[in-house]
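Please keep the sequence and the structure in view while reading.

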Amino acid sequence: MRILLITGPGGAGRTTVAAATAVAAARTGQRVLLLSADPGDHLAALVGERTGEPVEAAPGLAAVPAAGVLVARVDSGGEFREELVALQERGSALLGMVGARPLGAEELTELPGAEQFALLRALRRAAAAPGTDLVVVDLPPLHQAVATLALPAQLRRYLARLLPAERQAARALRPVLAQLAGVPMPAQWLYEAAARWDEELSAVQAVVEAADTSLRIVAEPGPGADAALRTGLLGLALEQLPVGAIVANRMVPQGSPDPWLAGLAAQQEKYATQWAGAEWGGAESAGDVPVLPLGHLGRDPAGPEDLIGLAGAEGLVPGAAGDSRPRRAWVVEDRRADDGVLVWVVPLPGAHKRDLDLVRRGDELLLAAGPYRRIVPLPSALRRCTVSGAALAGGVLRIRFTPDPDLWPRRP
């Protein structure tokens, strides 16, 4: 099974492109599941009314047939209520100790961020959908999509720090520790819940980073989209999430006698050409990420007929553009012989020196690039070194590490 994640700057038409991509793949004979977290009716207006009763695409994931594909919408409110009620039930003893009154499911309203968790859980379920060849995921706008895709790894790190699994081995000493500390020690159910969350997050992270998962960005060529695209691509590079293709959406035909349309077409062509020749991959060659042009219908798409018209665009079917790309590793270059340092090479296309920051904390490195931050564990060799400098050139950050003589093996 292949998974295609689609995002883009707000208003770029990513939902339309996701629906058209699903229809295009279905017309080639593939069994397609279209997954969306959009709470509105835009997707329903695009694919048309459902043509059958809801079916279970995967355990806990319902979908309805429409336009030759199965369409599933994430119920973030239901997910939030179900999870919080279950958490209250597991912690009923603790809530009783502090005199708290549990909240009923009917009085729970989802909190900000619940959509991200629900979408990630739905993605994991969709990846296990039997009899499905392709899952097309309509992600939130680009900035939120970067945060959503980075969430599993971030939360796993938080769980490992706050509730390390090795502390469960000391549960026999909890009564003694509670007396010494004067406060109750965490209950076993809390560790069990943390282990279950970590397992789910690990499964989602594996789906996001899998070799058969690809990512496309939809953008309408222009100066605003160009700025948003470059910022979003920087965030994706920081998370080591490769981009398979950029869809240049709503392209106006060239050669119009109307000066306004001719000017718009020239502007779109200018930015689409720049995107096609940009070194989005940092150290990779120019033009590494294909740009797929998608024409303008002259109106807002509505209904399966318009989707079929868009579905004929060349390269829209996943695989045609070769957009499955491996997750790029950050390599460590050994320059001890020449310069006495090790260099960690971090591709950050589009980054500016003023937007970068890095802090060493123990065996981890905090990297900030523009509005994005990531904490990554250091490779084992670099843990025995001190940070001695960094330089940004050609979209690549090179961090220099000097071996600590007290920790590094001496050469004979």
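How does Arg-156 count by its relative accessible area: buried, partly exposed or exposed? In this predicted model, Arg-156 has a relative accessible area of 27%, and it therefore counts as partly exposed.

## Overall make-up

The secondary structure of the protein consists of 11 helices and 16 strands. The chain has 412 residues, of which 42% count as buried, and its accessible surface amounts to about 20,500 Å², with 56% of that area belonging to carbon and sulfur atoms.

Among the contacts in the protein with a separation of 6 or more, 71% are made by residues 24 or more positions apart.

Side chains of opposite charge can pair when their charged atoms come close. Arg-156 takes part in a salt bridge with Asp-198, in which the closest N and O atoms are 3.0 Å apart. This pair links distant parts of the chain, since Arg-156 belongs to helix H6 (residues 142-162) and Asp-198 to helix H8 (residues 188-208), the two residues being 42 positions apart. Asp-198, with a relative accessible area of 25%, is partly exposed, as is Arg-156 at 27%.

Helix H8 also contains Gln-205, whose relative accessible area of 17% places it among the buried residues.

## Other charged pairs

The count of salt bridges in the model comes to 13. One of these joins the side chains of Glu-200 and Arg-196, with an N to O distance of 3.8 Å; both residues lie in helix H8, four residues apart, which is about one turn of the helix. An α-helix has 3.6 residues a turn, so residues three or four places apart point the same way. Glu-200 is partly exposed at a relative accessible area of 21%, and Arg-196 is also partly exposed, at 23%.

## Helix H10 and its surroundings

Helix H10 covers residues 259-277, 19 residues in total, and reaches 27 Å from its first C-alpha to its last, close to the 27 Å expected at 1.5 Å a residue. At the start of H10, a side-chain oxygen of Asp-258 comes to within 2.8 Å of the backbone nitrogen of Trp-260.

Which residues of H10 are buried? They are Ala-265, Gln-268, Tyr-271, Ala-272 and Trp-275. Viewed down the axis of H10, these buried residues fall within an arc of 135 degrees, and they therefore line one face of the helix. The elements against which the buried residues of H10 pack are strand E7 (213-219), helix H9 (223-238), strand E8 (245-251) and strand E9 (291-295).

How values were computed
Residues are numbered from 1 along each chain as its sequence is written. This is a predicted model: local features need pLDDT of at least 70, side-chain atom pairs count only at pLDDT 80 or more; totals for chains, interfaces and linings use all residues. Side-chain values use heavy atoms; hydrogens and water are left out. Buried means under 20% relative accessible area, exposed over 50%, partly exposed in between (1.4 Å probe, protein chains only). Contact means heavy atoms within 4.5 Å. Accessible areas come from the Shrake-Rupley method with a 1.4 Å probe; for residues, only the protein chains shown count as cover. A salt bridge is a side-chain nitrogen of Lys or Arg within 4 Å of a carboxyl oxygen of Asp or Glu. The expected span of a helix is 1.5 Å times one less than its number of residues. The arc is that of the directions from the helix axis to the C-beta atoms. A polar contact is a pair of N or O atoms within 3.5 Å; within protein, one must be able to donate a hydrogen and the other to accept it, and residues adjacent in sequence count only if both atoms are side-chain atoms.
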